[in-house]
Amino acid sequence: MGNEERRIGVYVCWCGGNISDVVNVEKVVEAIKNEAGVVVARHFMFMCSEAGQKMIIDDIKKYKLNAVVVASCSPKLHELTFRNVVARAGLNPYMYYHANIREQSSWAHSNDPEEATRKAIRHVRMAIAYLRHAEPLEKIRVSATPSVLIIGGGISGLKAALDLSRMGINVYVVEKQPFIGGHLAKIGSIYPYGRKGWEVVSTLVKELRKRDNVVIYTNAEVESVKGFIGNFEVSIRVKPRYFKRMCKRLDEVTKVCPIRVPDEYSYGVKKRSAIILPPYPGAYPELPAIDMNSCTKCMKCLEVCKDSIDFSQEEQIIKLKVGSIITATGFKPYRPKEGEFGYKVYGEVITLPELLSILKQSDSKDRLVINGKEVKDLAFIYCVGSRQKPKGNNDKINTYCSRYCCNATMFTAIKLFERYRGIRQYHVYRDIRTYGKNELMYEKACKMGAVFVKYDENDPPKVYRNNNKLIVKVKDLLTEREELEIPVDLVVLVTGMEPNDNEKLNEILKLPTGRGGFYQEVHPKLRPVETTLAGFLIAGTAQGPKDSRESLLSASAAAAKAAGTVLKGFIELEPFVAFVDPEKCELSKTCIAECPYGAISVKNYEGFGKKAWVNPALCKGCGSCVAVCPVGAIQIRGLTNKQIEDMIKTSAKEV
Amino acid sequence: MNEGSEFRPKILVFSTNLISDVGIDYAGLLHMHYPATTSIIRLPCSSMIRPEWILFALESGFDGVFVAADGTDCPYLRDCTERTARRIDQALELVKKNGFRPERIKMAAICSVCAEPFSNHMKNFYEMLKKLGPVKKGEI
């Protein structure tokens, strides 16, 4: 700012005719050319074209401009383009303002050209007002540690780890469970090709073991995260496994353990002892772990594996320095409530993950036996725990589609037909969403004889027992609501995905979550794996329902983004952060209480004493502090109170 | 101005860079016509709005102020709605104290695809302001 005379160039774009067919661009130029500070004003066919860009650069030199307005499309499209244009002409890129007169004028008001022109004039005037008070800004540069923390050791976390490791970046993986692999390690054949889930995981594990820049902590949780992008200090808590070396008598030791609890690696289909064995071939780590939540310390295991088990092991706190953090904490399957479609009331009502676990274990040839009974007729009920409707009470509901379930069910249907001759399948669905290539599985399942019955979401099917069969009663929308009573031996609830229970982690990371409770990206298309917290990326189903292919894609994307952050050795941040005018600040500390990121503290200013101070690397520039300061001493760089006030005043003027 | 002609209320809209401004753009993309007497100022987050800016807008001649808040989609703050609502509450008090009708202030969450809700809000707000008449200090 200072005393330098403001010399502004204004460029109004026709956007072919997208703007100029509605907005009278000549009138706009005429209306603003005499505004204070404007030296040159023009309109042109395409400002974003080579010729348009050159026009700006030439004018900057010829007229010694020190600020530029382009009035064109949405800033989401070309703000960056024109910041770069003015920078190429030697101006500070922040001496630029983008007026939106296409999406917010010509397109929105094509029915009212006169008023649209007035609106365009107001928007350009606001841009000029903004620049009257603008100052050159510099990006904030901070150094970066060339290592990355990955929270979650499922396929997404492991894939991201492998990608980063191959780029020469140190990786730390923190997994809460005693073994890495996540959900995929728990299931057998997966679509589309029928490869086993755990095989995919163990392939990744094999690769990771060859790398010397990857450290994996299991039984571990993030304890605290301090610092900012490029410079995080992370502390993790690692629980002991109580196994210090392998024991040869694992079969025996699990038998001698008196504890039997549901086994999480089979979705509770099996029971396990307090000693958790490696759950799949090639599992990492190879050592068993003792689950202290169920262990009663009866010490019977010591009688079998005395030299392997060590109850004196203690928790460890490990401190890490990383430049970026990828959260890949995955999902949990929706657990139906007791009585929901007969779940937990009838033993023959199970969920899809439970069925997959049973199928994984029972290679028992040509008969599907559940609860000691052969299954001849089976019904799938779709969309259980997904696409739920509000019930009027305050129960949490999942309104989203879980995306993987139709496909997984179709694949399972095909497997069942192939494996069990003569099995009859009834697919009781709301809508089938086998998108993309998965449609072929739907077609195949249809051809193999799966019967599809469509239910009304407002009148869902009912499940009850009649003698030794379960009855699924449903009105079929495909046959004009004919009421069907389908006798079956097994009902499989096709359950969706829910976000994992991450309360503690959410307290620590404060990652934004969207509707449904999954972590939220900045933009689904433009910035799909970044969060608004600089340096924090998300991958896999922690972000929302995905199948394994999609999870792997997002993991590679997150890895690439993390690498982009840490590989240069430094990071440049946008300068739009809060700053304090120490002369005005009366140290009310309201801003400190308001800041959600802990970016504001008290600092001694030379000549002013103790005043509020903003750490620019921690500030995200939300501006919440701006609103609460009683004296207007804290403001956002690049959007100061004076700029906003002048914009309000200017746009209120009659056109 | 506009004397002798129909009263067309002027509305100041505060939008947010990442969410509601995108929704407003979307309304334009779909050519959903809403009153063109609007002016839009984009901010990072609706919780940034100082209540006195809203008062200042009415004093400067705007007939109404519409805050297109982020709601639960806010990428910065989980409790964005509560925070923004607090600003609005303060603004309501402030404008009343200064002799303006509080109905001239409206806040609603506008998501990044909320084209139709935004355009409906604008139309309704416009009609409501039309009934209220031009802004005037001391109107209450």
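How many salt bridges does the rule find across the interface of chain B and chain A? The views below start with that one.

**View 1. Salt bridges and polar contacts join chain B and chain A in this predicted model.** The rule finds seven salt bridges across the interface, each a side-chain nitrogen of Lys or Arg within 4 Å of a carboxyl oxygen of Asp or Glu. One of them pairs the side chains of Arg8(B) and Asp112(A), at 2.9 Å from N to O.

**View 2. The contact takes 49 residues from chain B and 56 from chain A.** Contact here is heavy atoms within 4.5 Å. About 4400 Å² is buried between the chains, 54% of it from carbon and sulfur atoms (accessible area lost on being put together, 1.4 Å probe, summed over both parts). In chain B, Arg42(B), Arg50(B) and Arg78(B) lose the most area to chain A, together 15% of what that side buries.

**View 3. Pro461(A) is buried, at 5% relative accessible area.** Buried means under 20%, using a 1.4 Å probe and protein chains only. Pro461(A) sits in the loop between β23 (451-454) and β24 (462-466) of chain A, strands being DSSP runs of E, at least two residues long, numbered from the N terminus. Leaving out residues up to four places away in sequence, its contacts include Phe341(A), Ile381(A) and Tyr455(A).

**Notes.** Residues are numbered from 1 along each chain as written, with chains lettered from A in the order written. In this predicted model, local features need pLDDT of at least 70, side-chain atom pairs count only at 80 or more, and interface totals use all residues, while side-chain values use heavy atoms, without hydrogens or water.

Definitions and conventions
Helix = DSSP H or I, 4+ residues; strand = E, 2+ residues; numbered from the N terminus. Buried < 20%, exposed > 50% of the residue type's maximum accessible area, 1.4 Å probe, protein only. Buried area = accessible area lost by both parts, 1.4 Å probe. Polar contact = N/O pair within 3.5 Å; in protein donor to acceptor, adjacent residues only side chain to side chain.
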